[in-house]
Amino acid sequence: MSVHNLNVFFEPKIVALIASKKESNQAIRLIRHLIKHEYAGAVLPIIEGADTCAGIHSYSDLNALPSVPDLAMLLLPPEDWLEAIQDLVRVGCKRVVLLHDILPVPQLTPQLTKCLLEAASVNGLRILGPIQLGLASMIFKFNALQTDLP
């Protein structure tokens, strides 16, 4: 992957944060970090069963979003990744980060890896992860880490 393709991971204009109800606290933490570090882009949470997340309207699903995200961050159990990626491909998202809050980070099985790559290849979607820490670029004021920074 070229550096050009990595830029969207670190300077997205629109971020969708997709989380299960169980992972809603991690979603709140990520949104608070983005706000604290003055992220200028749009944050579009999709949190299962929630109307708001950290004071921001939470959408019911990808179809309800007002625009296509540049980057989607998934706080979902591994068994839900494939369906979420297929949905993201369908709406035109180009970058996805698979986040996992619990150590050890799950290893992708060969079958799941094959299915994820096949789904992503439909529109050139790039997948980063699974990772535990998150992403940050202080140059672009983008802090989507699952840990606190000063």
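Biologist: Why is N123 called buried?

Modeller: This is a predicted model, and in it N123 has a relative accessible area of 18%. Buried means under 20%. The value of 18% falls under that limit, so N123 is buried.

Biologist: Where does N123 lie, and which residues does N123 touch beyond four places away in sequence?

Modeller: N123 lies in the loop between helix 4 and strand 7 (126-131). Not counting residues up to four places away in sequence, N123 touches V89, G92, C93 and K94.

Biologist: G124 is in the loop between helix 4 and strand 7 as well. What makes G124 count as partly exposed?

Modeller: The relative accessibility of G124 is 40%. Residues under 20% are buried and those over 50% are exposed, with partly exposed in between. The value of 40% lies between these limits, so G124 counts as partly exposed. Leaving aside neighbours within four places in sequence, G124 is in contact with K94 and R95. The C-alpha atoms of G124 and C93 are 9.3 Å apart, although 31 residues separate the two in sequence.

Biologist: How do you know that P45 is buried?

Modeller: P45, whose place is in strand 2, has a relative accessible area of 0%. That value is under 20%, so P45 is buried. Beyond four places in sequence, P45 is in contact with L17, I31, C53, I56, H57, S58 and Y59.

Biologist: Why are helix 3 and helix 4 called roughly parallel?

Modeller: Two packed helices are described by the angle and the distance between their axes. The axes of helix 3 (residues 81-91) and helix 4 (residues 110-121) cross at roughly 10° and come within 9 Å. Angles under 35 degrees count as roughly parallel. Helix 3 and helix 4 are therefore roughly parallel to each other.

Biologist: Which residues meet between helix 3 and helix 4, and of what class are they?

Modeller: W81, L82, I85, Q86 and V89 in helix 3 meet L112, C115, L116, A119 and A120 in helix 4. By class, nine of these residues are nonpolar, one is polar and none is charged.

Biologist: What makes a set of residues a nonpolar core?

Modeller: The residues must be buried, belong to a set of nonpolar types, and be joined through side-chain atoms within 4.5 Å. The largest such core here has 24 residues. Those with the most contacts inside the core are I18, L74, I85, L88 and V96. Strand 1 (14-19), strand 2 (42-47), strand 5 (71-75), helix 3, strand 6 (95-99) and helix 4 each give two or more residues to this core. Its largest share, five residues, comes from helix 3. I85 touches L74, V96, L98, L116, A119, L125 and I127, not counting residues up to four places away in sequence. Apart from this core lies another, of 17 residues, among them A19, Y39, L71 and M73.

Biologist: How many helices and strands does the protein have, and what share of its residues count as buried?

Modeller: There are four helices and nine strands. Of the 150 residues, 43% count as buried. Among contacts between residues at least 6 apart in sequence, 70% join residues at least 24 apart.

Terms used
Residues are numbered from 1 along each chain as its sequence is written. This is a predicted model: local features need pLDDT of at least 70, side-chain atom pairs count only at pLDDT 80 or more; totals for chains, interfaces and linings use all residues. Side-chain values use heavy atoms; hydrogens and water are left out. Axes are lines fitted to C-alpha atoms, for helices over the stretch in contact, and angles run from 0 to 180 degrees between N-to-C directions. Angles under 35 degrees count as roughly parallel, over 145 as roughly antiparallel, 65 to 115 as roughly perpendicular and the rest as oblique. Contact means heavy atoms within 4.5 Å. Ala, Val, Leu, Ile, Met, Phe, Trp, Tyr, Cys and Pro count as nonpolar, Asp, Glu, Lys and Arg as charged, and the others, Gly among them, as polar. Buried means under 20% relative accessible area, exposed over 50%, partly exposed in between (1.4 Å probe, protein chains only).
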